[in-house]
Amino acid sequence: MKKKVRVLSGMRPTGRLHLGHLSGVLSEWLRLQEECQCFFMVADLHALMSEYKNSSSLKEIIYDNLADWLSWGISPEKAVVFVQSDVPEHMELFITLSLITPLGWLYRCPSFKEQMQQLRSKEINTYAFLGYPLLQTADIIIYKAEKVPVGQDQLPHLELAREVVRRFHTLYGCNIFPQPQPIVSKAPKLLGVDGRKMSNSYNNCIYLSEDDAGIREKIEQMVTDPQRIHKTDMGHPEVCSVFNYYSVFFPQKRQEVEEWCRNAARGCRECKRILAELFQEKFFQVRKLKARLLKEKAYLEDILSKGSARARKVAAETMQEVNKILGYKL
Ligand code: TRP
Ligand code: SF4
């Protein structure tokens with residue numbers, strides 16, 4: 001049998017999951033779990049690096065995110081689903097890698113520079129935050145993952161991971177890690193209901209467990225073609241977020257919407273109402289399943305404990321190999 005490609009990916013538990021997660025990383029995960037050997041991780045240590053002041057609120061978000069993953073179809077039978085901090089080998093490898101990683105490589109990371117400017121209020125000018133992409137490197141290579149589904153913004157982190165792998169191999173004269181390659185979702189970037197990037201911190205998200213009223217209200221707020229003032233004006237779907245949502249989530253409707261928009265056959269209000277109904281239908285079963293899962297804490301805990309046991313087995317083997325190569329341990 002052909003060996004399956006090993007995949008690792010993670011999401012930080014920093015808030016509820018929204019449509020941006022679904023169109024980006026989560027839909028890639030759903031695809032990849034069918035054909036690859038996948039490790040899907042709740043990256044709680046990464047979340048702590050910016051949320052350390054609210055450390056005790058992470059637990060609840062972890063369960064909420066996990067319930068979203070499962071209700072949208074991530075399967076613990078197909079993938080190893082676990083929480084990062086349940087596998088302490090990540091931290092161990094992180095320290096080992098920090099021995100050999102020049103500070104300049106970390107200072108140079110664009111994500112570090114950007115986040116420092118954007119999240120000034122979070123006080124993330126810390127030692128740990130500088131090491132963010134290096135912990136990510138440890139996450140990936142401890143499973144010897146070959147492919148890493150990530151958002152576009154994470155590409156520099158994968159670049160760093162490959163650099164660190166090369167340095168490790170050169171310094172210790174070995175070749176034990178694959179050079180991890182990114183998989184970036186082809187879905188067009190999804191904007192929030194206010195036309196800015198969809199993000200928890202902008203309060204412009206449609207959440208994956210949004211109820212019917214929430215879906216309707218948020219879609220009503222959405223910015224459409226600014227040139228289409230009257231119902232009789234012909235629209236330009238290419239500049240409209242509503243159309244973008246149709247394209248991403250209901251591609252089978254794309255052509256029809258484009259036609260009614262350009263010909264002014266339907267008004268924006270109706271176009272939005274139809275979109276809201278489609279989402280309401282799409283979310284209905286999933287939301288019920290999520291609510292049920294959240295009531296079954298023991299079941300969720302069991303998934304995580306089985307997942308971390310499987311992950312730990314692999315991680316511990318790699319760590320043993322690494323320690324043997326470094327050769328300092330008694
Ligand atoms: N930094 C990633 C993000 O914010 C999350 C993450 C942590 C991750 N460790 C990872 C992604 C390892 C891929 C692989 O999206
Ligand atoms: Fe957007 Fe629909 Fe209005 Fe066209 S009809 S501008 S796609 S909301």
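View 1. Helix H2, which spans residues 44–51, is mostly covered, with seven of its eight residues buried, where buried means under 20% relative accessible area, exposed means over 50% and partly exposed lies in between (1.4 Å probe, protein chains only). The buried residues of H2 are Asp-44, Leu-45, His-46, Ala-47, Met-49, Ser-50 and Glu-51. Among the elements that cover them are strand S2 (37–42), helix H3, strand S3 (79–83), helix H4 (89–100), helix H7 (127–130) and helix H8 (132–141). Helices (H or I, at least four residues) and strands (E, at least two) are DSSP runs, numbered from the N terminus.

**Notes for all views.** This is a predicted model, in which local features need pLDDT of at least 70 and side-chain atom pairs count only at pLDDT 80 or more, whereas totals for chains, interfaces and linings use all residues. Residues are numbered from 1 along each chain as its sequence is written, chains are lettered from A and ligands numbered from 1 in the order in which they are written, and side-chain values use heavy atoms, with hydrogens and water left out.

**View 2. Asp-139 in helix H8.** Asp-139 belongs to helix H8, and with a relative accessible area of 2% this residue is buried. Apart from neighbours within four places in sequence, Asp-139 is in contact with Leu-8, Met-41, His-46, Gln-84 and His-90, contact being taken as heavy atoms within 4.5 Å. The side chain of Asp-139 is joined to that of Gln-84 by a polar contact of 3.0 Å, and to that of His-90 by a polar contact of 2.7 Å. A polar contact is a pair of N or O atoms within 3.5 Å; within protein, one must be able to donate a hydrogen and the other to accept it, and residues adjacent in sequence count only if both atoms are side-chain atoms. Tyr-245 stands 106 residues from Asp-139 along the chain, and the C-alpha atoms of these two residues are separated by 33 Å.

View 3. The domain assignment gives domain 1 as 6–190 + 297–326 and domain 2 as 209–291, with bounds that come from an automatic or database domain assignment. The C-alpha centres of the two domains lie 34 Å apart, and eleven residues of domain 1 are in contact with eleven residues of domain 2. Together the domains bury about 1100 Å² between them, 74% of it on carbon and sulfur atoms; buried area is the accessible area (1.4 Å probe) that two parts lose on being put together, summed over both. On the side of domain 1, Leu-19, Ser-71 and Trp-72 lose the most area to domain 2, and these residues together account for 45% of what that side buries.

View 4. Two salt bridges are counted between domain 1 and domain 2, a salt bridge being a side-chain nitrogen of Lys or Arg within 4 Å of a carboxyl oxygen of Asp or Glu. The count of residue pairs in polar contact between the domains, both at pLDDT 80 or more, is two. Helix H1 (19–35) and helix H3 (58–71) each supply at least two residues of the side of domain 1 that touches domain 2, and H3 gives the most to that side, with four residues. Asp-64 lies in helix H3 and counts as buried, at 16% relative accessibility. The side chains of Lys-290 and Asp-64 meet in a salt bridge of 3.1 Å, taken from N to O. Not counting residues up to four places away in sequence, Asp-64 touches Arg-16, Lys-290 and Leu-294.

**View 5. Two loop residues with positive phi.** Most residues other than glycine have a negative phi. Lys-144, although not a glycine, has a positive phi of about 50 degrees; this residue is placed in the loop between H8 and strand S4 (147–150) and counts as partly exposed, at 24% relative accessibility. Ala-264 also has a positive phi, near 55 degrees, and is found in the loop between helix H12 (254–262) and helix H13 (268–295), where Ala-264 is buried with a relative accessible area of 18%.

**View 6. Arg-162 in helix H9.** Arg-162 lies in helix H9, residues 155–172, and is buried, with a relative accessible area of 14%. Residues up to four places away in sequence being left out, Arg-162 touches Gln-179, Pro-180, Gln-181 and Pro-182.
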